[in-house]
Amino acid sequence: AYFGAAMTFNMALSSYFNGIGKTRITLVAGLVGQAVGIVATIGLVFGRFGLPELGMRGSALGTLAGTLAITLIYVAYLPKEVWSDVRRLVATRGIHRGDLAPRIRKGIALGVTAGIGNFGNAAFIWIIAGLGAIALAANNVNLTVSYIGVIPLLGLGIGCSVLCGNALGQGEFEQVPRILLVTLALELVYVAFTAYLQIVTPSVLLDPFGLADKPQEIRHAAVATSKVLWTYSLAFAFSMTGQAVLEAFGLTRFLFAVRFVMMWVLSIPTIYLMTLGRIGDAEYLPVAWVVGSSFEAGIGILYFWRIWVAVRRRQNEIVLTQVEA
């Protein structure tokens with residue numbers, strides 16, 4: 001509970017620093033937080049570095065320590081003007097319902113969108129478990145590799161969102177397509193690199209993540225799946241970047257509607273029905289990934305279409321800018 005409270009505060013502060021373009025602060029805070037968390041967790045779990053041995057409780061406290069380290073860095077870097085505004089608002093009770101309501105509406109839409117996305121990923125793993133233990137083991141190894149394929153894309157997407165948000169705030173809608181194209185170019189280069197490793201050297205990529213000592217059946221299924229994982233990375237580059245930019249536009253309800261329909265009305269039921277009656281058929285695991293990637297690509301296409309419409313209409317659902325004709 002303490003971790004959740006601190007993390008919620010950190011999310012607000014990281015959004016602030018990202019929004020004003022000071023992404024190096026979020027980078028430094030994240031790195032310091034990870035370092036503190038690693039040392040504190042190892043120390044408190046196993047009684048290292050002069051710290052008491054607390055077992056699982058130490059793991060929770062170590063994670064909290066890393067999170068609080070991030071909080072301290074954010075607070076230290078907050079401009080004096082922010083603190084002045086906070087004191088003024090508290091003193092005058094200047095936070096009105098009209099100020100909060102739009103933020104709450106957009107926040108709820110974004111939160112629910114993220115929630116159904118994460119729940120959908122969990123449902124995918126549950127469906128894969130229906131293919132049997134071999135498919136589940138092979139999928140677990142590939143999940144780690146898939147994170148390597150998409151996590152850098154998340155950072156590029158956040159950077160794209162920051163740049164697009166600043167451009168929109170200045171009324172420079174024509175800058176959005178250029179920012180998007182440059183971001184996609186960088187993302188596709190990275191996707192091509194990881195795709196090469198996944199297709200040409202899958203064993204070299206998978207062995208460090210637990211495949212080396214697995215039976216031949218699991219190795220075969222994992223390698224076959226690795227060779228199609230690039231389809232998800234490619235689709236994710238478009239869907240995630242599109243979502244990040246639409247967040248900058250403030251079009252959060254569209255994000256929710258598309259994610260809900262494409263994932264929970266179409267993708268998850270389709271994959272579930274396709275895998276019914278295939279218990280023990282690990283060969284079907286790559287097919288499930290390709291199908292899921294296809295729906296993720298559909299989400300990306302719809303997001304980019306909405307961005308194109310928003311640019312043409314010069315929409316800005318966060319801040320209404322006055323641009324001279």
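Which residue forms a salt bridge with Arg278? Select Arg278 and look for Asp281: these two make the bridge, and their closest N and O atoms are 3.4 Å apart. Keep in mind as you click around that this is a predicted model.

**Stop 1: around Arg278**

Stay with this pair for a moment and colour by accessibility if your viewer can do that. Arg278 has 31% relative accessibility, so it counts as partly exposed. Asp281 comes in at 23%, which means it is partly exposed too, since buried would need a value under 20%. The structure holds four salt bridges, so let's visit some others.

**Stop 2: Arg219 and Asp207**

Next, select Arg219 and Asp207. They form a salt bridge, with 3.2 Å between the closest N and O atoms. Is Arg219 buried or exposed? Its relative accessibility is 19%, so Arg219 counts as buried. Asp207, at 26%, counts as partly exposed.

**Stop 3: Arg259 and Glu296**

Now pick Arg259 and Glu296. Here the closest N and O atoms of the salt bridge are 3.1 Å apart. Hide the surface if you have it on, as both Arg259 and Glu296 are buried.

**Stop 4: aromatic rings**

Time for some rings. A pair of aromatic rings is described by how far apart the centres are and by the angle of the planes. Across the whole structure there are 12 aromatic pairs. Start with Phe124 and Trp289, an edge-to-face pair with 5.1 Å centre to centre and 70° between the planes. Phe124 is in helix α5 (residues 97-129) and Trp289 is in helix α12, so this pair ties together parts that are 165 residues apart in sequence. Phe124 is buried, with a relative accessible area of 11%, and Trp289 is buried as well, at 7%.

For a contrast, select Phe256 and Phe260. This pair is stacked, with the centres 6.0 Å apart and 25° between the planes. Where are they? Both lie in helix α11, four residues apart, which is about one turn of the helix. Phe256 is partly exposed, with a relative accessible area of 31%, and Phe260 is partly exposed at 38%.

**Stop 5: two helices side by side**

Last stop: show helix α2 (residues 23-46) and helix α3 (residues 56-77). What is the angle at which they pack? It is about 155°, and their axes are 7 Å apart. Angles over 145 degrees count as roughly antiparallel, so that is the label for α2 and α3. The crossing of the two helices is right-handed. Finally, colour the residues by class: the contact of α2 with α3 has 15 nonpolar and 10 polar residues, but no charged ones.

Conventions: Residues numbered from 1 in each chain as written. Predicted model: local features only at pLDDT ≥ 70, side-chain atom pairs only at ≥ 80, totals over all residues. Heavy atoms only, no water. Axes fitted to C-alpha atoms, helices over the stretch in contact; angles between N-to-C directions. Parallel < 35°, antiparallel > 145°, perpendicular 65-115°, else oblique. Left-handed = near helix turned anticlockwise from the far one by under 90°. Nonpolar A, V, L, I, M, F, W, Y, C, P; charged D, E, K, R; others polar. Salt bridge = Lys/Arg side-chain N within 4 Å of Asp/Glu carboxyl O. Buried < 20%, exposed > 50% of the residue type's maximum accessible area, 1.4 Å probe, protein only. Phe/Tyr/Trp six-rings, centres within 6.5 Å; stacked < 30°, edge-to-face > 60°.
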